[in-house]
Amino acid sequence: MKKIEAIIKPFKLDDVRAALSEVGIAGMTVSEVKGFGRQRGHTELYRGAEYMVDFLPKVKLEIVVADADLDRCLEAITETAQTGKIGDGKIFVSAVERVIRIRTGEENEDAI
C-alpha cells in the first residue's frame, strides 16, 4: 500500500476529486494548508500599501491506495491539477505498513 500526499492549488480540488472518483478512489482526507516553494510568495497591494504574502494557500490531499492503483491515481492527480504555471504543487508517495479500520477491525487493503 502507498500513501499519496498531493499539494495542489485550491481551485483544482473539485476537478481532482472528480478525476479520482473516476479511477475508483472512494475516500481521501483534505486539509487547507499554506506554504511556498520556488514560487516564493508574491507582493500584493492593500489600501495603497504593498506587502509580501510569503505563504500561499494550498490544499493537501492524503490518499492511501493499493499498489495496483498507484499509477492511475498519480496520473489522475497530475493531469487534472496541472495548470502549467509555477505553484501547481507536488506529489509525495510513501509506503504504508498497516491500515486498520477502527469500526470493523478490517486490516490493510480491506480497510482502504
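Q: What is a salt bridge?

A: A salt bridge is a side-chain nitrogen of Lys or Arg within 4 Å of a carboxyl oxygen of Asp or Glu. One case is R101 with E106, at 2.5 Å from N to O. The model is predicted: local features need pLDDT of at least 70, side-chain atom pairs count only at pLDDT 80 or more, and totals for chains, interfaces and linings use all residues. Residues are numbered from 1 along each chain as its sequence is written, and side-chain values use heavy atoms, with hydrogens and water left out.

Q: How many salt bridges does the structure hold?

A: The structure holds six. Among them is K60 with E5, whose closest N and O atoms are 3.0 Å apart. K60 lies in strand β5 and E5 in strand β1, so this pair ties together parts 55 residues apart in sequence. Strands (E, at least two residues) and helices (H or I, at least four) are DSSP runs, numbered from the N terminus.

Q: Is E5 buried or exposed?

A: Buried means under 20% relative accessible area, exposed over 50%, and partly exposed in between (1.4 Å probe, protein chains only). E5 is buried, at 19%, and K60 is partly exposed, at 21%.

Q: Which residues of α2 are buried?

A: They are L70, C73, A76, I77, T80 and A81. Seen down the axis of α2, these buried residues fall within an arc of 135° (taken from the directions from the helix axis to the C-beta atoms), so they line one face of the helix. The face turned away from that buried side carries the exposed residues D71 and E79.
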